[in-house]
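The following exercises concern the fold of one protein chain. Please work through each task before reading its solution.

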Amino acid sequence: FHKMGNKTSSLETQLQVKAGRKALLDKTGLSSDTLLYLEKLYIKGANMKSGSNLYGEYSYDPEHTKWTIAGFSSYMEVHPQIASAMFKMMDDDGDGVLDFDEFAKGYGFITKGDVKERLNLLFKIFDLDNSETLDKAETKLMIRTVLTSFHDAAQSAEGPGGVGIAAQAKIMKAKKAGSKMNPDKVKKQFEKEVEKALKAIFKVCDKNKDGAIDRQEFLQCLEPVSAKDPTPKCPEIVKILALFEGGSLRQWNALGKFIEVNGAKPSAEDYQSEENRANATEGIEAFDTEENSRSRSPTMSPGCNQQ
């Protein structure tokens, strides 16, 4: 693999690196320390000479780099299904190898990006048949898996997780609240929240009523209600996406590990008609918490709100 650029003098290289770093920091929102860490990580994974200039001309043997879809999962210690979706998001030119610019920008989008980036990644993970659409069963599986994996991760956490204070508080709040609940009641509440979010998503996105939504339709969930009302059309999906705020790859890996243990295939019940699903969840009571239910997020664990 060869990244094109011009040969430069030592001073020119320093200026090139400085400008390149600034541009990436502005694009990604990453810290300087994180970007320096990513540079070292990339160079090591590509088996390049230490201190190589990643902002100009560089080259490496594609047979010995980890920056392919085959090597990305093991090298970054990311679950294969999650890694595959991440790689596809990062690989802008679709050549099957990440250059450093693609890697750094992609890492920034995944860990620091806005809700649109997180929604795109979830879409890729749960487009199980690679049809570039999500049917209702796949969407239902996505919602249930995200909520349940976060709940399970919170319950097994020995201490705060994530890299930000907000993420740490979120996990520990979920752990405390969920530990007081009956598991059967937790499961029933999750299904109620899944049905609610599913209906909201398809009401907003599936305008032609064909029972499937493509990526652009899915992103309509984030559109404002109107020019005067900035509230997202589908607040349910925004609250789900908030579970990944302020963290690193840890939250995504929790999702991947849950998929590995529990699978990622819609059940026969997920393909039932809406009428049957409505009857199945009729009469389920909401959690009794000290929090006002209107402020509670789709319940990754009761009492864990997204403010």
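Two residues are in contact when they have heavy atoms within 4.5 Å. The model shown is predicted.

**Exercise 1. The chain as a whole**

Task: State how many helices and strands the chain has, and what percentage of its residues is buried.

Solution. Step 1: the secondary structure consists of 13 helices and 4 strands. Step 2: the chain has 307 residues, and 48% of them are buried. Step 3: turning to contacts between residues at least 6 apart in sequence, 65% join residues at least 24 apart.

**Exercise 2. Phe 103 and its surroundings**

Task: Determine whether Phe 103 is buried or exposed, and list its contacts beyond four places in sequence.

Solution. Step 1: Phe 103 is located in helix 5. Step 2: a residue counts as buried under 20% relative accessible area. Phe 103 has a relative accessibility of 0%, and therefore counts as buried. Step 3: with neighbours within four places set aside, Phe 103 contacts Leu 38, Leu 41, Tyr 42, Trp 67, Phe 72, Met 76, Met 90 and Leu 98. Step 4: Glu 39 lies 64 residues from Phe 103 along the chain, and their C-alpha atoms are 9.6 Å apart.

**Exercise 3. The largest nonpolar core**

Task: Which members of the largest nonpolar core touch the most other members?

Solution. Step 1: this core contains 69 residues, of which Phe 100, Phe 103 and Ile 237 touch the most other members. Step 2: the helix giving the most to the core is helix 9 (residues 183–205), with 9 residues.

**Exercise 4. Helix 1 against helix 5**

Task: Describe how helix 1 and helix 5 pack, and which residues make the contact.

Solution. Step 1: helix 1 (residues 10–28) and helix 5 (residues 100–112) meet at an angle of about 30°, and their axes are 9 Å apart. Step 2: angles under 35 degrees count as roughly parallel, so helix 1 is roughly parallel to helix 5. Step 3: the crossing of the two helices is right-handed. Step 4: helix 1 contributes Leu 24, Lys 27 and Thr 28, while helix 5 contributes Phe 100, Asp 101, Ala 104, Lys 105, Gly 108, Phe 109 and Lys 112. Step 5: sorted by class, this contact comprises 4 nonpolar, 2 polar and 4 charged residues.

Note on methods: Residues numbered from 1 in each chain as written. Predicted model: local features only at pLDDT ≥ 70, side-chain atom pairs only at ≥ 80, totals over all residues. Heavy atoms only, no water. Axes fitted to C-alpha atoms, helices over the stretch in contact; angles between N-to-C directions. Parallel < 35°, antiparallel > 145°, perpendicular 65-115°, else oblique. Left-handed = near helix turned anticlockwise from the far one by under 90°. Nonpolar A, V, L, I, M, F, W, Y, C, P; charged D, E, K, R; others polar. Core = buried A, V, L, I, M, F, W, Y, C linked by side-chain atoms within 4.5 Å. Buried < 20%, exposed > 50% of the residue type's maximum accessible area, 1.4 Å probe, protein only.
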